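Take a moment to find your way around this protein chain. The tour below goes residue by residue. Keep the structure in view as you read.

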Amino acid sequence: MAKLTKKQKEAAAKIERNRLYSLKDASSLLKQVASAKFDESVDISVRLGVDPRKANQMVRGVVALPHGTGKDVRVLALVTPDKEAEAKAAGADFVGLDDFLQKIKDGWTDVDVIITMPAVMGKLGPLGRILGPRGLMPNPKTGTVTMEVGKAVAEVKAGKIDFKVDKTGIVHAGIGRISFDADKIVDNAHEIIQTLIKLKPTAAKGTYIKSIHLSSTMSPAIPLDPKAV
């Protein structure tokens with residue numbers, strides 16, 4: 001097991017053992033324990049009482065974070081010529097179709113989100129083995145397959161993210177940057193937690209939100225009190 005650095009030990013010492021923090025206290029403490037020289041990502045991990053192997057207990061959705069993610073999201077709009085101007089006006093970084101499909105076939109995936117139209121999905125099917133593992137395959141459920149291309153691009157640029165419970169029952173999401181005010185971290189975290197609560201599957205039994213942890217890229221995780229949020 002790797003030894004903790006001096007900074008890591010100092011950060012861990014600030015987090016009280018066996019204490020479950022309120023969202024407000026955890027957000028403030030997170031800014032104290034983050035010590036990297038770059039603007040770390042703020043991440044939330046929520047363990048759910050679901051069995052992701054069962055289709056009726058899969059939790060997946062989208063949420064518009066009130067203060068965005070703090071990240072410059074690179075958007076590729078795979079659209080027909082009549083939608084190109086709309087996508088560009090909304091702020092898409094890359095706009096086109098066949099030329100970008102060929103680039104993806106050749107291994108290019110230097111984007112964060114791909115937005116497309118229902119009519120184009122047939123062409124994307126063969127690229128599933130490339131886009132799927134990278135989480136880039138557009139999906140109607142996340143709003144990335146739509147005729148309202150401009151709206152979808154603008155929402156993603158403003159801080160709309162999608163999330164999905166993993167095979168261990170945990171939802172991981174980036175909800176901001178450590179440079180954010182603590183109140184903004186609270187707002188963004190609250191928004192995704194409330195969205196998860198609304199998405200509770202009817203088939204899920206027992207405790208739904210089992211644990212919540214807040215962390216930054218390099219910091220220890222801070223446990224939250226699920227009942228308090």
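S216 is buried, because its relative accessible area is 3%. Buried means under 20% relative accessible area, exposed means over 50%, and partly exposed covers what lies in between (1.4 Å probe, protein chains only). This is a predicted model, where local features need pLDDT of at least 70 and side-chain atom pairs count only at pLDDT 80 or more, while totals for chains, interfaces and linings use all residues. Residues are numbered from 1 along each chain as its sequence is written, and side-chain values use heavy atoms, with hydrogens and water left out.

Stay with S216. It lies in strand β8, residues 209-216. Helices (H or I, at least four residues) and strands (E, at least two) are DSSP runs, numbered from the N terminus. The side chain of S216 makes a polar contact of 2.7 Å with the side chain of E40. A polar contact is a pair of N or O atoms within 3.5 Å; within protein, one must be able to donate a hydrogen and the other to accept it, and residues adjacent in sequence count only if both atoms are side-chain atoms.

Strand β8 also holds L214. L214 counts as buried because its relative accessibility is 0%. Now look for S27. L214 and S27 are 187 residues apart in sequence, yet their C-alpha atoms are 7.7 Å apart in space.

Next come the charged pairs. A salt bridge is a side-chain nitrogen of Lys or Arg within 4 Å of a carboxyl oxygen of Asp or Glu. By this rule the count comes to eleven salt bridges. One of them joins the side chains of D72 and K157, at 3.7 Å from N to O. D72 sits in the loop between β2 (60-64) and β3 (75-78), and K157 sits in helix α7 (residues 149-158), so this pair ties together parts that are 85 residues apart in sequence. How open are the two partners? D72 counts as exposed because its relative accessibility is 61%. K157 is partly exposed, with a relative accessible area of 28%.

A second salt bridge pairs D110 with R74, with the closest N and O atoms 2.4 Å apart. This pair also links distant parts of the chain: D110 is in the loop between α4 (98-105) and β5 (113-116), R74 is in the loop between β2 and β3, and they are 36 residues apart. D110 counts as partly exposed, because its relative accessibility is 41%. R74 counts as partly exposed too, at 29%. Salt bridges that share partners join K71, R74, D110 and D112 into one network.

Another salt bridge connects K160 with E155, where the closest N and O atoms are 3.0 Å apart. E155 is partly exposed, with a relative accessible area of 29%.

Some charged residues gather in a patch instead. Which residues form a negative surface patch? They are D181, D183, D187 and E191. Patches are made of residues with over 30% relative accessible area and no salt bridge: like charges are joined within 9 Å, and nonpolar side chains (Val, Leu, Ile, Met, Phe, Trp, Tyr) within 5 Å. Pick out D183 in helix α8, residues 182-198. D183 counts as exposed because its relative accessibility is 53%.

Now turn to the backbone at N18. N18 lies in the loop between α1 (6-13) and α2 (23-33). Its phi is positive, about 65 degrees, although N18 is not a glycine. Most residues other than glycine have a negative phi. N18 counts as exposed, because its relative accessibility is 83%.

Finish with two distances. G70 is in the loop between β2 and β3, and it is partly exposed, with a relative accessible area of 49%. The C-alpha atoms of G70 and G128 are separated by 29 Å, and these residues are 58 apart along the chain. K105 is in helix α4, and it is exposed, with a relative accessible area of 51%. K105 and I178 are 73 residues apart in sequence, and their C-alpha atoms are 36 Å apart in space.

Terms used
Areas by Shrake-Rupley, 256 points an atom, 1.4 Å probe, with all protein chains shown as cover. Lys, Arg positive; Asp, Glu negative; His and termini not counted. Charge placed at Lys NZ, Arg CZ, Asp CG, Glu CD.
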